[in-house]
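With the model open in your viewer, please follow the stops below in order, making each selection before reading what is there.

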Amino acid sequence: MKRFLLIVFLLTAALLSACSPKGPVTLTVMTHDSFAASESVITAFEQANNVKVVFLKSGDAGEALNKAILSKEAPLADVFYGVDNTFLSRALEAGIYEAYASPLLAKIPAEFLLDPQKRALPVDYGDICINYDKAYFAAHNLTLPATLEDLIKPEYKNLLVVENPATSSPGLGFLLATVKHFGPDGYLDYWRSLRLNGVAVVDGWGTAYSTNFSGSSGHGPQPLVVSYSSSPAAEVIFATSRLTDAPTASILGPDTCFRQVEFVGILKGTPHLKLAQKFVDFMLSQQFQEDMPLQMFMYPVNQDANLPQEFIQYAQVAPQPATLDPTVIAASRDKWIADWTAVVLH
Amino acid sequence: MFLSNEDTRTKRITKVRVFVSSWLRPVLPWMGASIFLGLFFFYPLARILWLGLNPAALKTLDLASFLLASHSLLFTFYQAALSTLLTLGLGLPAAFLFARYDFHGKSLLRALTTIPFMLPTVVVAAGFNALLGPRGWVNLGMMDLFHLQSAPITIVGTLGVILLAHVFYNTTIVIRLVGNALSHLDPSLEQAARTLGADPPRVLNRVTLPLLRPSILAASVLVFIFDFTSFGVILLLGGPGFSTLEVEIYKQAMQIFNLPLAGLLSLIQLLCTLAFSILYSRIVRRTSVTSAPRAAGTNLHTARTFRQKLFLRGMSWLLLALFLLPLISLPLRSLTRLEADRGERGQVHNGLTTDYYTELFVNPRDSIFYVPPFKAICNSLGYAALTVVLSLALGFPVALALAHPRRLERLLDPFLMLPLGASAVTLGLGFIVTFNRPPLALVTSPLLVPLAHTLIALPFVIRSLQPALASIPVRLRQAAASLGASPPRVWFTVDWPIVRRATLSAAVFAFTVSLGEFGASSLVVRPEYPTLPIAIARFLSQPGGMNYGQAMAMATVLMVVCGIGILLIERLRLPGAGEF
């Protein structure tokens with residue numbers, strides 16, 4: 001028995017050590033759980049710079065950032081990707097980033113450059129939008145809601161599911177869209193009406209989309225869900241059989257979508273500053289930016305990057321997305337969430 | 001008066017000897033576990049709690065914080081107490097069923113009740129939704145049958161589903177702990193009561209239940225602690241309307257980043273767990289009865305009377321329904337094609353498919369984080385093996401010491417349970433502030449996963465080994481020694497055969513704890529070494545029918561791996577073996 005256990009132990013140890021990275025220099029990149037990239041793209045960077053890139057996944061956007069802040073005295077990584085505009089101020093105030101004026105910033109439209117000091121550099125953006133189940137609306141001969149105001153009409157009673165903004169970033173994005181549209185004094189009244197109209201609230205995107213939404217594989221009860229404007233493209237790509245059309249689409253009215261921008265930054269205290277800068281350049285480069293949409297289902301910020309066919313065909317960018325200044329969000333986010341909780345959940 | 005040099009030296013040596021025998025010897029078995037718990041549990045926990053609860057940070061706590069804390073504490077107690085009662089209500093008769101009756105498919109049914117214990121909450125939530133959700137089979141069936149417009153049963157998002165899921169998860173603890181004690185009960189005691197004229201209910205009340213009290217209490221406390229620290233079930237099934245301490249800690253620490261409040265809540269949770277553990281060890285010490293343990297087979301019989309048959313049938317069907325129905329929906333869903341060219345047409349084509357399984361083996365999008373299912377299984381099994389080895393190595397000496405408790409043992413005993421009651425979120429953050437730099441830059445190491453699993457497995461391992469070690473009669477050892485056996489030989493011929501089965505069941509526990517544990521949200525994860533639960537969560541994080549199907553396929557793989565593991569280990573055990 002003992003010998004057997006010893007063998008098991010040694011084998012596992014060997015297995016684990018055999019997989020550990022070996023290479024000239026290791027560059028560590030801390031990300032949120034949704035980060036993804038093509039192997040060939042990352043390998044190209046590794047070969048060009050004679051470096052091994054190791055990724056650390058640290059939870060959702062908020063969790064990952066908090067972990068980066070808690071470990072800032074002895075950073076776990078050289079580069080941190082995954083802060084979005086709703087958390088940007090927290091990251092900047094904590095002072096975790098080293099500024100870097102990447103030459104590739106010239107290719108990025110000014111609307112995404114939210115940190116003038118260039119500590120956090122935009123990588124991608126996406127629109128948090130209400131998605132609808134096409135089949136449901138066709139079968140019930142129901143016109144689509146076009147505005148936030150439409151959602152409190154009786155014909156859309158019990159049709160919408162949203163995420164809790166305290167535990168989910170799409171949920172927070174949608175709450176911020178209502179704050180932008182109705183103002184800090186009016187959004188709670190709107191949510192009171194939404195509640196009366198039977199809005200369903202669940203903890204996170206996974207439950208909302210896969211369980212509650214009728215247009216996804218879960219075939220749930222609600223045909224309207226807060227998700228991303230790129231989700232219809234994902235539905236086509238990850239369909240079980242070849243689809244000629246997306247089963248879902250987004251509602252792109254004024255302020256019905258919240259624009260989310262995600263950033264990368266070099267962590268203060270990195271011993272590999274030059275390499276970290278190269279990696280940031282790489283994330284902003286055309287190669288990475290063109291790879292990213294089909295990996296993370298976000299839009300590239302680099303204007304040179306071409307969109308994949310599926311995005312052009314099935315996904316849309318919101319023409320009038322809701323935006324809020326990151327400092328405004330940082331100042332009031334906790335209060336808005338607390339007030340929202342009191343009105344919608346209690 | 002002068003003492004010679006010689007005298008001083010002898011005196012000193014005697015002093016050292018006295019010190020060694022009176023102090024070091026009792027401390028020695030605790031060394032490994034204390035160093036381990038101290039380094040990987042108490043130290044990181046203290047670091048992160050201090051970060052949140054230092055005097056400067058405490059000033060930020062206001063009345064609202066305390067109201068929130070007391071509100072979540074009340075609800076946490078309420079749901080945990082209700083869940084524990086319900087779990088006992090189902091678990092005790094089930095324990096009687098398994099300990100007293102011999103019937104076909106017994107080991108399968110028992111393995112079935114164990115599987116939930118190691119399934120990640122995302123999977124269990126998917127199973128419950130497929131069964132009881134607004135579009136679940138039960139509701140669709142009833143809508144079809146009675147021509148209803150809307151779903152008649154709303155249980156998802158209510159307290160009911162939280163309680164049901166807790167019963168589903170934890171009944172196995174009662175079945176194993178109480179069932180084990182029941183099967184070892186000396187049957188002559190019950191027989192004596194019956195000869196003296198007591199009817200069966202009176203025998204149960206006056207003899208059987210009092211004898212079982214320690215094991216029932218042990219099971220209740222473990223179940224209660226699990227319900228008390230419940231997280232995933234509350235979030236995924238209960239929904240945002242419910243908030244336990246652990247859920248609130250998660251929100252405060254991970255989203256709002258209010259470390260003082262998160263620290264306060266963690267401290268409350270920790271102190272409550274400590275109080276339960278102290279209470280538990282006191283009651284157990286006072287009420288434990290020593291009786292000659294029997295081989296389990298002596299208490300087993302087949303159902304004979306009508307009543308016994310009714311009980312056997314009813315109980316087995318109830319267990320089968322409760323445990324099989326939510327589970328079976330996962331493999332079924334992993335083989336069903338629900339998605340087709342729906343577009344605007346509203347058509348859903350159904351059909352069987354193995355696509356989800358074959359897709360697991362390819363990486364169509366060249367993703368750098370793609371992991372073949374076999375590798376995820378290997379990772380999970382590797383971590384589980386390390387957890388088993390580590391927790392047995394650390395737990396064995398402690399269990400040995402606890403078998404004959406002295407003052408030190410009584411003092412340290414309650415602290416062993418603490419890792420079960422500590423907030424996983426807080427401990428995860430503690431790791432990040434503690435092990436982020438050399439010499440222990442463990443946060444980024446894959447080794448952190450089995451270390452964290454060992455923390456949770458250790459209390460179970462110790463609680464499984466301790467009774468077996470305590471049950472070894474001293475006179476057997478003395479007899480062997482007087483017949484000329486050397487101490488190692490005594491150990492191998494007397495102790496080991498008795499302890500072996502308990503060691504196996506301790507290993508099962510460590511194995512299952514490790515296989516199902518999903519601490520991804522609180523730990524920093526190396527994406528190259530995902531476990532099965534992490535691989536499942538990855539598929540569920542993107543839209544599309546294929547992702548959902550693959551998650552269900554992966555969950556089925558996890559269930560099959562768990563099931564085979566449990567059945568194998570149950571086979572290894574000889575008839576009449578102890579469990580847990």
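Keep in mind throughout that this is a predicted model. Begin by selecting helix H12 (residues 245–256) of chain B together with helix H19 (residues 424–434) of chain B, which pack at an angle of about 30 degrees with their axes 9 Å apart. Because angles under 35 degrees count as roughly parallel, H12(B) and H19(B) are described as roughly parallel to each other. Show the side chains next: B:Ile249, B:Tyr250, B:Ala253 and B:Met254 in H12(B) meet B:Val425, B:Thr426 and B:Leu429 in H19(B), and the residues of this contact comprise six nonpolar, one polar and no charged.

Now widen the view and colour chain B by its two domains, domain 1 (45–287) and domain 2 (354–580), whose C-alpha centres lie 20 Å apart. To their contact domain 1 of chain B gives 37 residues and domain 2 of chain B gives 35 residues. On the domain 1 side, the elements that give two or more residues include H10, H12 and helix H13 (259–287) of chain B, and the largest share, nine residues, comes from H13(B). By class, that side of domain 1 of chain B holds 23 nonpolar, 11 polar and three charged residues.

Finally, select B:Val221, which sits in helix H10 (residues 200–228) of chain B. Is B:Val221 buried or exposed? B:Val221 has 24 other C-beta atoms within 10 Å and is therefore buried. Leaving aside residues up to four places away in sequence, B:Val221 touches B:Phe276 and B:Tyr280; B:Phe276 is 55 residues from B:Val221 in sequence, yet the two are 7.0 Å apart in space, C-alpha to C-alpha.

Terms used:
Residues numbered from 1 in each chain as written. Chains lettered and ligands numbered in written order. Predicted model: local features only at pLDDT ≥ 70, side-chain atom pairs only at ≥ 80, totals over all residues. Helix = DSSP H or I, 4+ residues; strand = E, 2+ residues; numbered from the N terminus. Buried ≥ 20, exposed ≤ 12 C-beta atoms within 10 Å, placed from the backbone. Contact = placed C-beta atoms within 7 Å. Axes fitted to C-alpha atoms, helices over the stretch in contact; angles between N-to-C directions. Parallel < 35°, antiparallel > 145°, perpendicular 65-115°, else oblique. Nonpolar A, V, L, I, M, F, W, Y, C, P; charged D, E, K, R; others polar. Domains from an automatic or database assignment.
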